[in-house]
Amino acid sequence: MTPAIDLTHPRRALPPRTSERFNRPRLVELPRPKGEVVRTHDGRELHLRPIEPGDVAALKRQFARLSPEDIRRRFLHSMGELPDPMAQRLCRLDPAMETAYVLMDETVRPAELRGVGRIFVDEAANNAEFSVLVEHDWARQGLGALLMQRLVDDCRRRGLSEIWGYVLLENRPMLQLCKELGFVRRLSPDEPGTTQISLQL
Ligand SMILES: CC(C)(COP(=O)(O)OP(=O)(O)OC[C@H]1O[C@@H](n2cnc3c(N)ncnc32)[C@H](O)[C@@H]1OP(=O)(O)O)[C@@H](O)C(=O)NCCC(=O)NCCS
């Protein structure tokens, strides 16, 4: 008995149209492994890579785990939640102006974001403002220093003359970390209770 002709997929048995054959990309883009594995002082593993638009949900979950103190230290004011447009914006970068690295914990499902460091370039001033955050349970593992070092390297690659950031004066961990990386306090802070720290590159 002859097999039935499948009319639900009329083009299945036909060769591709000429336009399809000649417009096909010559190379198939295979997914490439991105980033690198980072081992913490106490032996846990994280994956360091650039932030991606698909990280919005992980960024929001991380925000929900942060203490009010960590939120204030990172954003310099209190915030109850990370609004969706802001989360989207933080994950969708303009590579000419921004870099952001995330530290992903891929031992859990879904993978969780444990740390993030970013810079925003001011082309006119030839410098970049940084921010960094490492989740409490992952602190004192060398991750904040690693993220800062990567941001400094990125600024150097971009040919910038300075990397700087706002830090609350009570934020001893961040002031200590930056001191060890060679940052110094800038004069004339704009806001009371806040200082600017910077590194000339
Ligand atoms: C500040 C912060 C980024 C530090 O991250 P971290 O991963 O814990 O830092 P590291 O483990 O790389 O520490 C590097 C060095 O910084 C200093 N440091 C870090 N945390 C410290 C603390 N709680 N007390 C004193 N020194 C501290 C130490 O000198 C440390 O070296 P050591 O552990 O060998 O002594 C983290 O605490 C954080 O995210 N805080 C909330 C957000 C924030 O403050 N962001 C900064 C403003 S943008």
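Reader: What share of the contacts in the protein with a separation of 6 or more comes from residues 24 or more positions apart?

Author: This is a predicted model. Take the contacts in the protein with a separation of 6 or more. Residues 24 or more positions apart account for a share of 60%.

Reader: How much of the protein is buried?

Author: A residue counts as buried under 20% relative accessible area. The protein has 201 residues. The buried share of them is 40%.

Reader: Is Cys91 buried or exposed?

Author: Cys91 sits in helix H4, residues 84-91. Its relative accessible area is 1%. The cut-off for buried is under 20%. Therefore Cys91 is buried.

Reader: Which residues is Cys91 in contact with, leaving aside neighbours within four places in sequence?

Author: Look at another stretch of the chain. Ala57 is 34 residues from Cys91 along the chain, and their C-alpha atoms are separated by 9.9 Å. Leaving aside neighbours within four places, the contacts of Cys91 are Ile51, Glu52, Pro53, Asp55, Val56 and Leu59.

Reader: Why does Glu112 count as buried?

Author: Glu112 belongs to strand E4, residues 112-122. Buried means under 20% relative accessible area. Glu112 counts as buried because its value is 11%.

Reader: Which side chains make polar contacts with the side chain of Glu112?

Author: Leaving aside neighbours within four places in sequence, Glu112 is in contact with Arg61, Arg65, Leu103, Met104 and Asp105. Another, of 3.1 Å, goes to the side chain of Arg65.

Reader: How far does helix H5 reach from its first C-alpha to its last?

Author: Helix H5 covers residues 143-157, which is 15 residues. At 1.5 Å a residue, 21 Å is expected. The reach of H5 is close to that, at 21 Å.

Reader: Which residues in H5 are buried?

Author: An α-helix has 3.6 residues a turn, so residues three or four places apart point the same way. Now read the list for H5. The buried residues are Leu143, Gly144, Leu147, Met148, Leu151, Val152, Asp154 and Cys155.

Note on methods: Residues numbered from 1 in each chain as written. Predicted model: local features only at pLDDT ≥ 70, side-chain atom pairs only at ≥ 80, totals over all residues. Heavy atoms only, no water. Helix = DSSP H or I, 4+ residues; strand = E, 2+ residues; numbered from the N terminus. Expected span 1.5 Å × (residues − 1). Buried < 20%, exposed > 50% of the residue type's maximum accessible area, 1.4 Å probe, protein only. Contact = heavy atoms within 4.5 Å. Polar contact = N/O pair within 3.5 Å; in protein donor to acceptor, adjacent residues only side chain to side chain.
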